[in-house]
Structure formats: structure tokens, C-alpha cells
Amino acid sequence: MGERTIRLRINGQTCEARAGTRKLLADFLREDLHLTGTHVGCEHGVCGACTILLDGEAVRSCLLLAVQADGADITTVEGLADGERLHVLQQTFHEHHALQCGFCTSGILMSMVAFLRDCPSPSEEQIRIALSGNLCRCTGYQNIVRAVQAAASRLASPA
Amino acid sequence: MKPSSFEYLDPRTTEEALALLAEHGDAAKVLAGGQSLLPMLNLRLLRPSQLIDINRVSELSYIESRGSELAIGAATRQRALERSALIRERCPLLLEAIPYIAHFQIRNRGTIGGSLSHADPAAELPAVVTALGGKVVLKSRDGERVVPAEEFYLGYLTTALRPDELMTEIRLPAQQTDVGVAFLEFSRRHGDFALAAVAACVTTEPNGACRSARIVVAGVDGVPYRNPTVEESLVGQPLTSATCEEVAQAIGRELSPQEDLHASSEYRRELATVLVARALGKAAAKAAQCHTGAR
């Protein structure tokens with residue numbers, strides 16, 4: 001029942017597209033914009049795999065309709081690296097083996113980008129609380145915590 | 001799964017939203033932050049004919065000090081409350097409870113009015129607003145009514161909100177200088193729904209005796225649970241740890257929580273009892289500090 005034309009900025013680029021009014025933002029990103037780095041896990045806001053930045057804030061893209069993003073500025077995991085140069089968090093996740101299957105990783109990266117911006121020198125407990133909204137079934141979180149710690153210190157004193 | 005189809009309506013003003021509600025009533029659902037509604041749509045637990053999205057009604061998002069009250073627009077995001085200097089200063093109980101609401105990603109979208117209207121019995125905000133003696137403003141095209149939180153909650157996921165009404169504002173008494181507050185919650189993992197949570201507000205006499213107490217328990221009943229008889233029995237008593245324990249036991253005896261896969265009824269009641277004693281002790285200690293000026 002119905003479609004709308006929506007305009008948004010996505011990873012720095014302006015885009016205009018038609019979206020069914022009941023289409024979830026997560027599906028719109030993947031199916032219409034072919035940005036498949038955003039993963040869809042539980043589809044009810046629990047797992048965090050679909051987390052993106054909407055106007056700078058980390059949100060679940062499975063709990064938004066695509067039409068609600070009309071006029072918004074969105075960043076997905078595809079927007080983190082600068083060409084071949086990985087984002088600090090991507091680099092530390094790589095170095096600390098903070099991913100195994102990788103399904104949850106893009107959502108965790110997006111959550112942690114927002115978290116480290118708001119809380120640049122977090123304690124381990126703060127990191128664990130911030131990670132609680134993203135489920136990872138492989139790693140046991142230890143290396144994710146280490147990678148976030150490493151990213152925080154690298155952002156504080158860039159080499 | 002994906003939502004079934006609906007007519008998507010996105011009014012820009014409260015007036016427009018109320019007109020749409022008057023027209024569609026029960027067939028429509030109001031979409032605020034969507035952090036409970038979208039899961040229900042995705043799982044097709046709900047199939048509304050119309051979805052009235054109030055996210056573009058900017059006049060419903062504000063936090064204002066009005067004399068002895070705080071007025072909060074119903075569509076104000078929980079994250080905005082968490083970051084508000086006004087809330088920190090004038091409503092510390094709310095600030096204490098907010099970090100327990102799901103995860104920061106959810107609070108980035110979730111609204112105060114959405115959570116209050118959804119009326120999940122394990123949710124933090126209904127308990128806080130009830131403990132504070134807050135009120136909600138319900139508007140329809142025919143006018144508005146101001147309903148105390150305690151009268152707003154009727155049962156499990158059930159409120160006094162009529163199909164043509166929209167919650168537009170929440171009014172909370174600003175904290176007086178002599179009140180001690182505490183919010184405590186237990187869940188298996190941070191951000192999960194509470195197995196039990198307690199909000200407590202206490203004032204004391206300079207000699208340490210209780211002047212007033214309001215204690216609300218979430219997760220143990222269909223509505224935020226309060227026991228005025230037990231609260232009154234506290235007045236005039238010294239708030240020692242023994243008194244707090246007795247009151248907690250008295251409240252615990254009255255509870256018969258639902259059993260589910262997360263916790264047995266008995267376990268929930270035990271948790272609630274322990275949390276009441278702790279929250280009351282913590283609130284009393286803070287109230288006592290008001291008298292010594294160590295606040």
C-alpha cells in the first residue's frame with residue numbers, strides 16, 4: 001500500500017529513491033541501495049547487527065521504516081573506511097582478532113563509533129555496557145573489548 | 001518477518017495528528033520511537049490499517065521547567081532526557097532510571113510518551129512517573145485531560161488512553177531539596193527487561209524519622225505496583241536498615257508476580273523484596289544528607 005520518493009545522504013552522497021512505505025530501512029539499504037554491509041539478524045531490535053548512524057546517532061535500522069529516513073544523514077559500515085585506509089576501529093578489530101564469523105561486526109563497529117565519540121576514554125565496564133546492545137555469538141567479547149580499548153587509546157594519541 | 005501493509009501518515013502538527021486519530025481511531029497505531037511498535041509490526045503481532053508517525057511533529061519534543069513542575073513533550077527521546085541538564089538538576093530519579101532502559105541505541109529513538117503509553121509492566125518509565133506522582137496529558141480533538149500516572153495504568157499493556165487520544169505531555173513534580181530518591185533494577189544482562197525494578201522517593205525529618213515515602217515496583221504486576229498502606233506505616237518511623245527490611249517484607253508478602261521463562265514467581269518476589277529494602281535504604285540515606293547539607 002503505497003510508495004514514496006525519499007531523499008537522503010548516505011555515506012556522504014546524496015541519493016533519491018522510491019521506497020515502499022512498509023519497507024524497513026535495513027532492507028532498503030541492502031536491497032535498494034545494495035549496501036549489504038548492514039546485516040539483518042533478529043528483525044526486532046535485539047541483536048544489533050543492523051545498527052547504523054542516523055544523523056550521527058547509533059540506531060537499529062530494522063526498527064525504522066525507510067520513509068522515516070527521508071531527509072536524514074546516514075552512515076553505514078561502508079562509510080567508515082577512507083578508501084583503502086581502514087577506520088581506527090576496523091584496524092584494531094583486525095589486529096585484535098575481534099571478529100570470527102563477522103556477522104555482528106558491522107553493527108558493533110557502528111555502535112562503537114558513536115560510543116567512542118561520546119565517551120572517548122571509557123573504562124572496561126563502560127565498554128561492556130555499551131557493547132550490551134550488540135550480540136556476538138563467536139568471540140566471547142574479550143577481543144572486542146580489547147579492540148575498543150586499543151581504538152580509544154589510538155584516537156586519544158594518534159601515532 | 002516484515003510488517004503487513006498499512007497506510008503511512010506523517011502529520012507535522014499535533015492538530016493534524018489528532019484529526020487523523022479522530023478519523024481512524026482503533027484501526028490506527030501511533031508510531032513514536034518505534035522501539036516496541038516496530039518489533040510488533042515486524043512479527044505481525046499487530047496489523048494496523050494506518051500508521052500515524054508523529055516523529056515529524058516537532059512541537060511534541062521539549063523539556064521545560066514550569067514553576068514547580070517539569071513538562072516533557074511526549075515525543076522527547078529518552079536519549080535527550082539522559083543528556084538534559086534540566087533533568088539532571090530537577091529530576092534525578094528519572095536520570096538514575098534511564099541507563100536501565102534497554103541500550104543506548106534504543107534510547108536514541110525511544111520516547112518517554114511511547115514507553116509510558118506502551119505500558120509494559122517491566123518498563124522503567126511507568127514506575128518512575130508513578131513514584132514521582134507524575135501526570136500525563138491526553139489530547140483529542142474534543143479537548144484534553146490530565147491523568148495521574150496511577151489512574152493511567154489499568155492493566156497489562158492497558159491504559160486509560162482512548163483510541164482518539166494522543167499523549168502529548170508528561171508533567172513531573174520537580175524534585176524538592178529534601179527528597180532522597182533511588183532506582184534499582186535487576187536483569188540477567190544489562191539492557192534486558194527487568195525481572196524486578198524499584199523506584200523510591202523518601203523525605204525525612206531532621207531527626208531521621210520518615211516524613212513520606214513512595215515506593216513503586218516494576219515487573220511484578222500488570223501495572224506499576226504501589227502499596228500506600230505500607231508506605232503510610234513508615235511515616236514517623238526511623239529509617240534504619242531493620243525498618244527498610246520490614247517494609248520490604250511487608251510489600252513482598254503482597255506480591256504474586258507472574259511466572260515466565262525468565263523467572264519463577266517466587267524468585268521475582270524475592271528479588272523485588274531485596275530491591276525494595278536496598279532502594280529504600282539508599283533513598284533514605286540521600287534524604288538524610290539533605291539535612292546535613294552534604295547533598
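Trainee: Which helices of chain A are included in what covers the buried residues of H5(A)?

Mentor: Helix H2 (88-95), helix H3 (105-118) and helix H4 (124-131) of chain A are among the elements that cover them, where helices (H or I, at least four residues) and strands (E, at least two) are DSSP runs numbered from the N terminus, and contact requires C-beta atoms, placed from the backbone, to lie within 7 Å. This is a predicted model, in which local features need pLDDT of at least 70 and side-chain atom pairs count only at pLDDT 80 or more, whereas totals for chains, interfaces and linings use all residues. Residues are numbered from 1 along each chain as its sequence is written, and chains are lettered from A and ligands numbered from 1 in the order in which they are written.

Trainee: Which residues of H5(A) are buried, and why do they line one face of the helix?

Mentor: An α-helix has 3.6 residues a turn, so residues three or four places apart point the same way. In H5(A), the buried residues (20 or more other C-beta atoms within 10 Å of their own C-beta, against 12 or fewer for exposed ones and partly exposed in between, with C-beta atoms placed from the backbone) are A:Ile144, A:Ala147, A:Val148, A:Ala151 and A:Ala152. They line one face because, seen down the axis, they fall within an arc of 140°, taken over the directions from the helix axis to the C-beta atoms. On the other side, A:Gln142, A:Ser153 and A:Ala156 are exposed.

Trainee: Into which domains is chain A divided?

Mentor: Domain bounds come from an automatic or database domain assignment, which here gives domain 1 (3-77) and domain 2 (88-156), with 22 Å between their centres, taken over C-alpha atoms.

Key. Contact = placed C-beta atoms within 7 Å.
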